[in-house]
Amino acid sequence: MAYLNSRPRTPKICPVCGEDVPPRALACPECGADHNSGWKPDAYDGGPDFEEQEFDYDEFVKKEFGPERSPVNQLWWITGVVLLLAFAAWIVVEAMR
Ligand SMILES: [Zn+2]
């Protein structure tokens, strides 16, 4: 790790194109990436990881919200509200006796 401190960060392998970078090189000989524009991890955040995340999100939405929109569940929800209202009405009637 000591050699990393002695030089500005030149990776052994270019993170952009995956080519070997010579230790003294200031830029990647293959794709031309350097530490001003190239091989910082922040420099490219629209990579394959982002697409994977989006795919997972779609799956999540399908699993979490797909069944919720079915008419059967809506019917159960209405039934629950009606029962709750009936229970409240029963309490009011009992209290007025
Ligand atoms: Zn490169």
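The structure is a predicted model.

**Overall fold**

Of its 97 residues, 9% count as buried. Among the contacts in the protein chain with a separation of 6 or more, 17% come from residues 24 or more positions apart. The chain exposes about 8,800 Å², and carbon and sulfur atoms supply 61% of that area.

**The zinc site**

The zinc ion has as its protein donors the SG atoms of C14, C17, C28 and C31, which lie 2.3 to 2.4 Å from the ion. The angles among these four donor atoms run from 107 to 112°, and the site is tetrahedral. For four tetrahedral donors, the ideal angle at a metal is 109.5 degrees. Along the chain, the donors of the zinc ion are spaced as C-x2-C-x10-C-x2-C. C17 and C28, eleven residues apart, form a pair that links distant parts of the chain, and both are found in the loop between α1 (2-6) and α2 (48-65).

Which residues does C31 contact, leaving aside its neighbours within four places in sequence? The contacts of C31 are with C14, V16 and C17. Of these, V16 is 15 residues from C31 along the chain, and the C-alpha atoms of the two are separated by 7.7 Å.

**Surface and charge pairing**

On the surface, a nonpolar patch is formed by W77, I78, V81, V82 and L85, which together have about 530 Å² of accessible area. I78, one of the residues of this patch, is found in helix α3, which spans residues 71-96. With a relative accessible area of 46%, I78 is partly exposed.

A search of the whole structure finds one salt bridge. It joins R97 to E94, with the closest N and O atoms 3.5 Å apart. Side chains of opposite charge can pair when their charged atoms come close. Of the two partners, R97 counts as exposed because its relative accessibility is 77%, whereas E94, at 34%, counts as partly exposed.

The table gathers the relative accessibility of the residues discussed above.

| Residue | Relative accessibility | Class |
|---|---|---|
| I78 | 46% | partly exposed |
| E94 | 34% | partly exposed |
| R97 | 77% | exposed |

Note on methods: Residues numbered from 1 in each chain as written. Predicted model: local features only at pLDDT ≥ 70, side-chain atom pairs only at ≥ 80, totals over all residues. Heavy atoms only, no water. Donors = N, O, S within 2.8 Å, 3.2 Å for Na, K, Ca; no water. Tetrahedral: all angles 85-135°; square planar, octahedral: opposite > 155°, others 65-115°. Helix = DSSP H or I, 4+ residues; strand = E, 2+ residues; numbered from the N terminus. Buried < 20%, exposed > 50% of the residue type's maximum accessible area, 1.4 Å probe, protein only. Contact = heavy atoms within 4.5 Å. Areas by Shrake-Rupley, 256 points an atom, 1.4 Å probe, with all protein chains shown as cover. Patch = residues over 30% accessible without salt bridge, like charges linked within 9 Å, V, L, I, M, F, W, Y side chains within 5 Å. Salt bridge = Lys/Arg side-chain N within 4 Å of Asp/Glu carboxyl O.
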